[in-house]
Amino acid sequence: MMLSMSADKTRLYEALFDLFHSSSGHSDLPNLYQALSESLKKVVDYDLLALFLYHSPSDTFQVYGLNRPDGSAGMNSYQRTVAAAGHPAGWVYTNQQPMLMSHLDQESQWPELLTPIRQFGIGSLLLVPLTTGDRRLGVLGMGFISPAEISKDQIDFIHRAGLEFSVTIDAYLSRQQYLRERDRLQLLFDLTNALVSKLSPDDFFSTIADQLHKTVSHDVLAVTIVDQITGELLLRDIRTESNTRLDLDRNVKEIAGTPTAEAIATRQPVLLESADFQRFPSHLYRRFVEAGFCSSCSIPLISPNSVLGTLELARTSPRKFSEEDVELLVQVARQIAIAVENVLAYRELAAIKEKLANEKLYLEDQIRIDQNLGEMLGVSPALETVRKNIQIVGPTEATVLILGETGTGKEMAARAIHQQSSRSSNGFIKVNCAAIPSSLLESELFGHEKGAFTGALTQRIGRFELADKGTLFLDEIGEIPLELQSKLLRAIQEQEFERLGGNRTIRVNIRFIAASNRNLKSMVDSGSFRSDLYYRLHVFPLLMPPLRDRREDISLLARYFIQKYAQRLGRRIESIPTSAMSILNSYNWPGNIRELQNVIERSVILSRGHTLELAMPETDTGPASLRATSTNATEMAKEKILKALREARGVVSGPQGAAQKLGVKRTTLQARMKKLGITRDYQ
């Protein structure tokens, strides 16, 4: 088919004027291109019109085609990206001269590059440069089904038409560039305002999603954060369009073999325009592709100290993210990194502040306890055995279970173990499980997030988190509810837990010491205490002897408490009556050291002179009552020695002797037997 064209120059100029008039006033490329097509059709009988717009950073042409030979029209009729180097359009663009290929079937210079054009049935092709002044925009191509012989005048006219059209194209591209720059600057401005305004994380991410939707087309947007302690990746926020669906856990742990992992490792954007399972073999990436996403962009969130996470965008179409898009996303990622770092720093400071406040309270409590550890004073063999065990287990990391009656000094033993350990410079955190209501015990141990329950107005750090790198003392552990014991077992065994109402796993490094005045083994047998928790705690049992089994220490402890409370009350106690000391030594002390401490404090308060006036709990003052108490205590002490002698078959000393069973020296036992009138003929 030959090119038909009017020879009347007037008509040619009218056509050019019509082209200029019809193309001005269009602000979108499809309508602008359609106007060019209709104007050129009046003077040029072509079959295919192609527009090659040059992209300098990638040295490529974005090709748009209209008016296919089958009569269809529209911008999607022909659209692709081709490399400029080695392409005939690239030669026209570089040399700024028209090129006519009259017989494509005979063309041998670019056979492979011209194959897509031949597929449209095109027999000849004319290419003219699109230029305005010194700015080169691209190339305009006209295709003809039949081979055509075009004169120089005809080529000059089409070249002139291309120059006129270039002005409109340039204006359109400039406007589009202006609008893009405006939207991108607005995005960065809004993100900066969001930072300054100290928006919540959710509001900040909503701002990102809303603004990015206007500037960079995408079907899914996600911001991921790296846990700086565990290295695990957490999905902080994810937004999808209404027609797409992506079901992913918000806590993603395994990210190896994903574009996200590569972006974090290389600190560079990772761009994909199609699935690549060989490069990214992870199950998570496969799920992503199966959800219908083709092209993706992973931008690392880089702070001065580390990679905080990634900004993720994806499309359901294979259209790759452009370099301009990536450049903008890198700038956005910088802003997000600042926001994320601020949020993480604020949370860390808030946690440190709360931890320091709690540690201050614990330290004040610890200071109030006399560091002289009066309750650990004594010379009895039973107490000496406890001291040796503390020296053995203290430097280790073993869990210790302290057993004994109430008031025997279990907490003092726990503190001594902590002081003997390598953790002595860190916190000793105590939890009295019996003093906290069961409904609040879980929050007290593990902490809670804001809004976890009614009244949880702020986030709170629990005792486990507070004891990190130190020692946690669980006093009266037998009082913990059965339903909480399983979570406590996991926290002790795995050294990890979640706050109440939270889903983030917190890892700690704690040495555990537990104590109880109850028979935990009997509780296990009755089903009121978990056997697995019992055996997890029963690593190194330590038995605290009752005061009645260390009577050699009573006078020493009594003098210590007298000095302590006399100094505190501003009193001066110079002597203790022999009768009072005898009563103290012979009393059975069911409340152990705590009862002795209270008796001495009450006695110091009631003493009117420099001599201690003993005030025992069963008496007011009368000597008759004191004698009755003394008699009862003597009978109890005598019966205990007799029982030990019967069990030892009359042997006083030695490994299986009565003295060993009572935890006293042989000479001490013999003196008591003489005092109580016990002979070898004890039966």
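A residue is called buried under 20% relative accessible area, exposed over 50%, and partly exposed in between, with a 1.4 Å probe and protein chains only. Helices (H or I, at least four residues) and strands (E, at least two) are DSSP runs numbered from the N terminus. This is a predicted model, in which local features need pLDDT of at least 70 and side-chain atom pairs count only at pLDDT 80 or more, while totals for chains, interfaces and linings use all residues. Residues are numbered from 1 along each chain as its sequence is written, and side-chain values use heavy atoms, leaving out hydrogens and water.

I begin with strand S11, residues 295-302. Seven of its eight residues are buried, so S11 is largely enclosed by the rest of the structure. Strands pair if DSSP finds at least two bridges between them. S11 pairs in the antiparallel sense with strand S10 (residues 270-272) over three bridges, and Leu271 stands opposite Cys297 there. With strand S12 (residues 307-315), S11 pairs in the antiparallel sense over eight bridges; Ser298 faces Glu312 across this pairing. Four residues separate S11 from S12 in a hairpin.

Next, Asp325 in helix H9, residues 323-368. Is Asp325 buried or exposed? Asp325 is buried, at a relative accessible area of 8%. Its side chain makes a polar contact of 3.4 Å with that of Arg315; such a contact is a pair of N or O atoms within 3.5 Å, where, within protein, one must be able to donate a hydrogen and the other to accept it, and residues adjacent in sequence count only if both atoms are side-chain atoms.
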